[in-house]
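Reader: Hi! I have this one open on my screen, could you walk me through it?
Author: Happy to, let's look at it together.

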Amino acid sequence: MATRVIGAGSLARDLGRWRNMDDGEGNSAGRRSARPAYLALAEGIRLLIHDGRAPLGVALPSERDLAATLGVSRTTITSTYSLLREHGYLISRQGSRSTVALPRDVQHDGIKPARSILATMAPPELPTIDMTYAAMAAPIEMQEAYSTALQGLPTYLGTHGMDPVGVLALREAIARRYTARGLPTDPDQILVTLGAQHGLRLLLNVLTAPAARVLIDHPTYPNAIEAIRDVGARPVPVPLRPEDPVARWDLDGIRSAARQTAATLAYLVPDYNNPTGLLLDADGRAELAVIARETRMTVVIDESMADLGLGNEVPPPPVAAFAKGAEIVTIGSASKSFWGGLRVGWIRTNQSLITKLLGIRSTVDLGTPVMDQLATVHLLEHADVILDRRRGQLRSQRVALLDSLAEELPDWRVTVGAGGMSVWAQLPSSVSTALAATAPNHGVLLAAGPRFGVQGAFERFLRLPFTHQEPELRLAVKAIASAYEALTPRAADPLTPLTCY
């Protein structure tokens with residue numbers, strides 16, 4: 001299979017004002033760097049590699065193409081690539097393009113992201129705030145939902161109680177919500193699952209094969225990455241661009257990656273991406289559906305966060321509303337909208353695929369608990385009131401988190417998305433894993449940035465959920481600031497500048 005190549009235009013867009021970047025001596029980016037152009041360019045590309053914007057194993061553009069796009073001499077590009085190769089950021093093989101790599105002294109396993117949920121490191125007497133999860137406590141209506149479900153249970157007690165498709169009342173309620181959002185849906189198009197994660201795993205079992213490529217947002221939900229790997233498939237990252245208000249999803253990159261890797265499946269989170277909270281607009285959704293058709297690729301859209309828009313804009317229709325066939329499959333969940341303990345999710349697709357999924361499901365489980373399904377029906381019937389209140393709570397908590405970060409860690413840059421339950425913070429230096437490792441000793445648990453990517457990416461990033469109450473969030477940020485300050489000077493230093501001998 002041919003090596004995937006980053007387009008010169010895409011690389012130039014991600015590099016931005018690469019000539020004016022910090023020169024490693026503390027000089028700000030407000031003026032043109034005094035360093036040679038090839039050295040400034042090498043530093044810019046290296047930062048993209050560390051941030052996951054230039055994924056490992058992908059080839060950089062040809063020297064001729066990049067020189068023409070950036071408006072520099074080919075000698076500059078040759079010198080840039082040589083310097084990156086010398087420092088271990090490019091690997092060259094005879095007869096093939098140079099591909100992106102990480103030096104051996106950069107700690108990553110190349111297969112699984114660093115794990116930083118280290119509760120056992122915290123002293124028992126130290127109260128710990130767990131910032132590794134993005135989920136809210138149950139709404140006050142939850143007890144009523146189960147009471148109502150209990151009253152409706154006798155209808156099902158005369159049956160065996162195992163329905164792998166799902167209770168009709170719930171499938172009807174889910175179908176009504178899709179229809180109200182602009183996607184006409186029949187209950188027969190719904191398969192109820194044990195949460196969105198369960199739905200994704202069923203789809204992966206049916207739609208992928210060992211060594212198959214699956215395109216993903218980068219960053220994305222870490223459990224999805226693990227699910228892709230567990231079925232023997234390979235996640236192919238396509239970077240998000242949080243700083244670009246127009247093209248945060250690299251649709252050209254998705255199209256190019258699908259063609260170059262022959263990927264037949266993609267897993268994307270365009271509805272308040274976890275962890276960034278970004279939202280793909282209607283035009284982008286229409287283009288994504290076109291890409292799926294052109295490349296004959298099935299796109300699995302995770303709508304777990306779809307109910308959690310925190311702005312004033314009217315959310316766009318579901319991505320599947322732009323499909324002309326079966327190219328878009330949607331998974332959803334009640335866990336983020338209502339309660340993580342409510343393990344009810346669903347898949348919306350055509351009946352042919354549902355039949356295949358049921359064949360796989362029988363080897364794993366025999367259906368979703370009836371009580372949970374009936375409780376979800378009640379919650380969906382009262383969703384407008386419940387979700388309006390929860391969105392208001394999340395807005396207030398997000399403000400508290402952002403205010404605390406501005407006060408305690410003013411040099412951190414924070415991406416604030418249109419919704420979701422977390423912000424994506426960029427640290428001044430590549431210490432996310434080190435920070436997550438030491439944070440429990442200061443009373444807070446963190447999920448390091450590399451958990452949300454592949455190949456050791458996002459060491460300069462951290463997901464910070466705002467699902468705790470405001471006082472806890474303020475305490476958590478103080479603890480994070482204390483842990484960050486406690487890092488060794490070497491760990492807290494910015495990336496060591498490339499040098500030329």
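**Helices, sheets and salt bridges**

Author: Let's start with α8, which lies across β4, β7 (265-268), β8, β9 and β10 and runs at about 155° to β9. Helices (H or I, at least four residues) and strands (E, at least two) are DSSP runs, numbered from the N terminus. Axes are lines fitted to C-alpha atoms, for helices over the stretch in contact, and angles run from 0 to 180 degrees between N-to-C directions. Contact means heavy atoms within 4.5 Å.

Reader: Before we go on, what kind of model is this?
Author: This is a predicted model: local features need pLDDT of at least 70, side-chain atom pairs count only at pLDDT 80 or more, and totals for chains, interfaces and linings use all residues. Residues are numbered from 1 along each chain as its sequence is written, and side-chain values use heavy atoms, with hydrogens and water left out.

Reader: Thanks! In what order do the seven strands of the open sheet come?
Author: The order is β4-β10-β9-β8-β7-β5-β6, with mixed pairing. Two strands pair if DSSP finds at least two bridges between them.

Reader: Which strands stand at the edges?
Author: β4 and β6 (234-239) do; each has a single partner strand, so one side of each is left without a neighbour in the sheet. From one strand to the next, the twist averages 20°.

Reader: And β8 with β9, parallel or antiparallel?
Author: Parallel: β8 (residues 298-302) and β9 pair over four bridges. To find one of them on screen, go to valine 299, whose bridge partner in β9 is isoleucine 328.

Reader: Where does α11 lie?
Author: α11 lies across β7, β8 and β9, and runs at about 145° to β8.

Reader: Let's switch to α12. Which of its residues are buried?
Author: In α12 (residues 351-361), the buried ones are Leu353, Ile354, Leu357 and Arg361. These residues cover an arc of only 100° around the axis, which puts them on the same side of α12. Buried means under 20% relative accessible area, exposed over 50%, and partly exposed in between, with a 1.4 Å probe and protein chains only. The arc is that of the directions from the helix axis to the C-beta atoms.

Reader: What do those buried residues pack against?
Author: Their partners are β4 (190-193), α8 (196-207), β9 (328-333) and β10 (345-348). On the face of α12 turned away from the buried side you'll find the exposed residues Thr355 and Lys356.

Reader: What goes on at the start of α12?
Author: There, a side-chain oxygen of asparagine 350 reaches to within 3.1 Å of the backbone nitrogen of serine 352.

Reader: New topic: how many salt bridges are there?
Author: The count comes to 16, where a salt bridge is a side-chain nitrogen of Lys or Arg within 4 Å of a carboxyl oxygen of Asp or Glu. One network of salt bridges links Asp252, Arg255, Arg259, Glu287 and Glu294.

Reader: What does arginine 255 pair with?
Author: Aspartate 252 is one partner, with the closest N and O atoms 3.4 Å apart. Aspartate 252 and arginine 255 are three residues apart in helix α10 (residues 251-261), so about one helical turn separates them. Glutamate 294 also forms a salt bridge with arginine 255, and there the closest N and O atoms are 3.0 Å apart. Glutamate 294 lies in helix α11 (residues 282-295) and arginine 255 in helix α10, so this pair ties together parts that are 39 residues apart in sequence.

Reader: Is arginine 255 buried or exposed?
Author: Arginine 255 counts as buried because its relative accessibility is 13%. Glutamate 294, at 43%, counts as partly exposed.

Reader: And what about arginine 259?
Author: Arginine 259 forms a salt bridge with glutamate 294, the closest N and O atoms being 3.6 Å apart. That pair links distant parts of the chain, 35 residues apart, with arginine 259 in helix α10 and glutamate 294 in helix α11. At 53% relative accessibility, arginine 259 counts as exposed.

Reader: Last one: where does serine 92 lie?
Author: Serine 92 is in the loop between β1 (90-91) and β2 (99-100). Leaving aside neighbours within four places in sequence, serine 92 is in contact with Arg85 and Ser98. With 39% relative accessibility, serine 92 counts as partly exposed.

Notes:
A polar contact is a pair of N or O atoms within 3.5 Å; within protein, one must be able to donate a hydrogen and the other to accept it, and residues adjacent in sequence count only if both atoms are side-chain atoms.
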